[in-house]
Amino acid sequence: MDHKETLDSLLHEERVFRPLPQMLIEAGVNPQDLRAARELAEVDLCSYWEEAAEELDWFKKWEQVCDISDAPNYRWFSGARCNIVYNALDRHIETVNKNRLALIWEGEPGDSRQYTYYELYRAVNRFANGLKALGVGKGDRVVLYMPQLPETVIAMLACARIGAVHSMVFSGFSARLLRERVREVDPRVVVTVDGFYRNGQVIRLKEEVDRALLDDPAQNLESVVVVHRANVDVNMDSARDCWYEDLVRHERPHAPAEIMAADDPLFIMHTSGTTGKPKGLVHSHGGYMVGVHRTFKWVFDLKPTDIFWCSADPGWITGHSYLVYGPLLAGTTTVMYEGHSLYPQADRLWNIVSKYGVTIFYTSPTQIRTLMRFGHRYPEQHDLSSLRILGAVGEPFNTEAWLWMYENIGKGQCPVLDTWWQTETGMIMISPLPVSVLKPGSVTRPLPGIDADVVDAEGNPVPDGKGGLLVIKKPWPAMFSDVIGDREEVMAHYWKRIPGMFYAGDVARKDEDGYFWIQGRADDVLNISGHRIGTAEVECALTKHPQVAEAAVVGVVDKIKGQVAKAYVTLNHGFVESDDLHRELKEQVRRELGPIVIVRSIEFRDELPKTSSGKIKRTELG
Ligand code: PRX
């Protein structure tokens, strides 16, 4: 099994790390508070989340905290009216936060921009008015194909402010994938950049957009807005394209926040499953806002002086929830970096930490493993003493990498929080708090209000220490609220497999302390550097090659990226394997899906093992 190495290292880990006394004194939520919150949530889940919701501003309060009458179509805060951007911006500019830094951005070449809450508010309003001038209104969709830039945050918030639904396509994805998303999402506007900096090169994103939009895949697409970033020449279609700067120049810096129903859509985020086509999940204003706000403040023990840095790209759910919405809802300063962590050398991240005095750093295990290779020399060259909390998400955090981060980045002074959650959950679900006792490799216990368990295929709890399927038994506010496409099928996938429970698609075990250890995916989904990729998507990309008859893809362990893909391929009659074909197929996957999908090796076979019904038996490969 592909997770074996990780699993072995997790099974043999017995060390525990207790919180430092100072943390216990200073934490906003101490172990007693945590216990009380768990108890409240156990006896009255709605009261627990209602209390969390009361910390935010609503135009109209809810009639019901959670309507379970049509389960699993749960409705959170039904009857309520709100706008997440009102809570992320307007709420703060009426307080001392008005002049606090909301966003610190650093470009890869070393340029930097900063926005106070008031400045961000004005920029968002200008673009909100610009979008309105392009005809975008409540319920319209806007695709954002953007890298890590301030305008990316501005565009997300501007859409949400006027009730439009943003759908971000990761800037590392290919034109083909963008085209598919545009066709499915059917936006009125696409927002992009001329180009951006990545690992010393300029990535020309607008060119990808032009390629993706050849012969108009979207019925309602009217405009493409292009942000100036890299000053590269681009083709501008005068009937369709406009520069961001021209659009906002004469717009007023005030725009009312649209009054939204709590379950009105906020954004669409695609995620890979077992089919060849990623699912478009929808998150909405009310429940998502409450879940992300509460978990952000509690997990990271937020203080007024914090500078928070989540290194995830906003193109993924982690970036949405904990680079943009969580920090801004909480009124903290969020840091964003455009480029590559090894550019110009392997100390870039530590340079940023020390330069801006980052206090909380949230990243991925792959990022840590990548930097670990360079040893402790680089972290030692920088003053990392501002850090007080470290965290990671997205894939199993092996003990070695956990300990390296704890010792070399946190200097034994910062808790390392391994947080488990998903695109589906919208918010952190299983995670320690800074006051928790930590076991490297474990995501510890579910947060208050989260009823997680490990069960067998019939839904019966499995004994401690034994592997099983990770499920969530009760609803939570940031759960995806809708689906674009076949809702019935998607809901059945998550809720009918084990009736009455949310099926997360992960294998996990619990230990005698109730600590969860996530072992990997239970389905045909790869986790490459924390990015979810369905094996079927890679197979589809391979079989598009005219010489390929069939392809089967499995995950293999990679020391840095956690997993990479290995492909088994049969060729059409008359073709033979060659080094050129090998290279061509790898390039084909890259072109179809983007550079994040790494095919380590390709094995050519005469035939692939099949079940009697003709399905490929992936378990017999690898
Ligand atoms: O397999 C789990 C893994 O990432 C999957 C969710 O991927 P995605 O929706 O892209 O969201 C990633 C970031 C929230 C999960 O089903 N995963 C996430 N966190 C962890 C993890 N695996 C092990 N440990 C984690 N802490």
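In this predicted model, the ligand is held in part through Arg532, a polar side-chain atom of which lies 2.8 Å from an oxygen atom of the ligand. Taken alone, the ligand exposes 550 Å², and the protein buries 97% of that area. A further polar side-chain atom, belonging to Thr423, lies 2.6 Å from an oxygen atom of the ligand. The backbone also takes part: a backbone N or O atom of Gly394 is found 3.1 Å from a nitrogen atom of the ligand.

The shell around the ligand comprises 19 residues, of which Asp418, Thr419, Thr423, Asp506 and Arg521 are the closest. Sorted by class, this shell contains 7 nonpolar, 7 polar and 5 charged residues. Helix α12 (317-330) and the strands β20 (416-419) and β25 (516-521) each supply at least two of the shell residues.

When residues up to four places away in sequence are not counted, Trp58 touches Ala53, Phe77, Ala80, Arg81, Cys82, Ala262, Gly286, Met289 and Val290.

Phe77, one of the residues touched by Trp58, belongs to strand β2. The relative accessible area of Phe77 is 0%, so this residue counts as buried. The backbone of Phe77 has a phi near 55°, a positive value in a residue other than glycine. A positive phi in a residue other than glycine also occurs at Asp186, where the angle is near 50°. Asp186 is placed in the loop between α8 (175-185) and β8 (189-193).

Two cis peptide bonds are described here. One joins Ala71 and Pro72, with an omega of about 5°; Pro72 is located in the loop between β1 (64-67) and β2 (75-78). The peptide bond from Tyr343 to Pro344 is likewise cis, its omega being near -5°. Pro344 is located in the loop between β17 (333-337) and α13. Helix α13 itself spans residues 348-356, and its buried residues are Arg348, Leu349, Trp350, Ile352, Val353 and Tyr356. The helix is followed by Gly357, which has a positive phi, near 65°.

Helix α18 (residues 535-543) includes Thr535, and Ala536 is also placed in α18. Thr535 has a relative accessible area of 3% and is therefore classed as buried. Apart from residues up to four places away in sequence, the contacts of Thr535 are with Asp524, Leu526, Val553 and Arg618. Ala536 is buried as well, at a relative accessible area of 12%, since the limit for this class is under 20%. Leaving aside neighbours within four places in sequence, Ala536 is in contact with Thr274, Thr275 and Gly276. Ala536 and Thr274 are 262 residues apart along the chain, but their C-alpha atoms are separated by 6.5 Å.

Glu400 provides another pair of positions for which the separation was computed. The C-alpha atoms of Glu400 and Asp111 are separated by 34 Å, the two residues being 289 residues apart along the chain. Glu400 is situated in helix α16 (residues 399-409) and counts as partly exposed, with a relative accessibility of 42%.

Gln563 is part of strand β29 (residues 562-571). The relative accessibility of Gln563 is 2%, so this residue counts as buried. The side chain of Gln563 reaches the backbone nitrogen of Asn527 at 2.8 Å.

Note on methods. Residues numbered from 1 in each chain as written. Predicted model: local features only at pLDDT ≥ 70, side-chain atom pairs only at ≥ 80, totals over all residues. Heavy atoms only, no water. Buried < 20%, exposed > 50% of the residue type's maximum accessible area, 1.4 Å probe, protein only. Helix = DSSP H or I, 4+ residues; strand = E, 2+ residues; numbered from the N terminus. Near = heavy atom within 4 Å. Polar contact = N/O pair within 3.5 Å; in protein donor to acceptor, adjacent residues only side chain to side chain. Areas by Shrake-Rupley, 256 points an atom, 1.4 Å probe, with all protein chains shown as cover. Nonpolar A, V, L, I, M, F, W, Y, C, P; charged D, E, K, R; others polar. Contact = heavy atoms within 4.5 Å.
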